[in-house]
Amino acid sequence: MSACEPGTSLGAGAVVIASTRAALGVYDDKTGPIIADWLSEHGFEPMAPVVVPDGAPVGAALRAVLTQRPAVVITSGGTGLSPDDQTPDMTLPLIDREIPGIMEAIRAAGRAKTPMAALSRGHAGLAGHTVIVNLPGSPSGVMDGLAVLDPIIKHLCEQVAGHHGH
């Protein structure tokens, strides 16, 4: 059971990093630890970040973590327009219900700092009772996205669990 299901109060949080260079060991992933710390601070049990090359491996990693039924899956990377930036394309088929307002808010928060944030193609939505959010690949973009999620993540999980308080 995930935290976003009735009868639970704490669940797992998965992190999928789309970065060919980090997956190959060219450099260390900087965003996975940021997301894992944020999940822990918000009452989730963070799973070890999964770092995969851009493209189809992202879809395989998402499907694999979804079998573990985490409450939340946060991705970082692969949301731009380069040919191998396919995280949104791998995410969308897994989403049952989109939550466009989350991505609108994340892009707006990013645009306040850089016009390049408008180029993010990320998605947010539900795969069953799991919340999935695509964040950009930069540490600053991740922090901007997590700042948007800060005040809403608990209420979001309560709504997914069927609690209708507003």
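**Close-up views of a predicted model**

**View 1. Ser76 and its surroundings.** In this predicted model, the side chain of Ser76 reaches the backbone oxygen of Pro136 at 2.8 Å. Ser76 has its place in strand 4 (strands are DSSP E runs of at least two residues and helices H or I runs of at least four, numbered from the N terminus), and with a relative accessible area of 1% Ser76 is buried (under 20%, 1.4 Å probe, protein chains only). Leaving out residues up to four places away in sequence, Ser76 touches Val16, Ile17, Ala18, Thr31, Ile35, Leu135, Pro136, Gly137 and Val142 (contact means heavy atoms within 4.5 Å).

**View 2. Packing of helix 2 and helix 6.** The two helices pack at an angle of about 15 degrees, with their axes 9 Å apart, and helix 2 and helix 6 are therefore roughly parallel to each other (angles under 35 degrees). Thr31, Ile34, Ile35 and Trp38 of helix 2 make the contact with Pro139, Val142, Met143, Leu146 and Leu149 of helix 6.

**View 3. The largest nonpolar core.** This core has 25 residues, and those with the most contacts inside it include Ile35, Val72, Ile74 and Leu146 (a nonpolar core joins buried Ala, Val, Leu, Ile, Met, Phe, Trp, Tyr and Cys residues through side-chain atoms within 4.5 Å). Among the elements that give two or more residues to this core are strand 4 (72-76), helix 2 (31-41) and helix 6 (139-149).

**Notes.** Residues are numbered from 1 along each chain as its sequence is written, and side-chain values use heavy atoms, without hydrogens and water. Local features need pLDDT of at least 70 and side-chain atom pairs count only at pLDDT 80 or more, whereas totals for chains, interfaces and linings use all residues.

Conventions
Buried < 20%, exposed > 50% of the residue type's maximum accessible area, 1.4 Å probe, protein only. Polar contact = N/O pair within 3.5 Å; in protein donor to acceptor, adjacent residues only side chain to side chain. Axes fitted to C-alpha atoms, helices over the stretch in contact; angles between N-to-C directions. Parallel < 35°, antiparallel > 145°, perpendicular 65-115°, else oblique.
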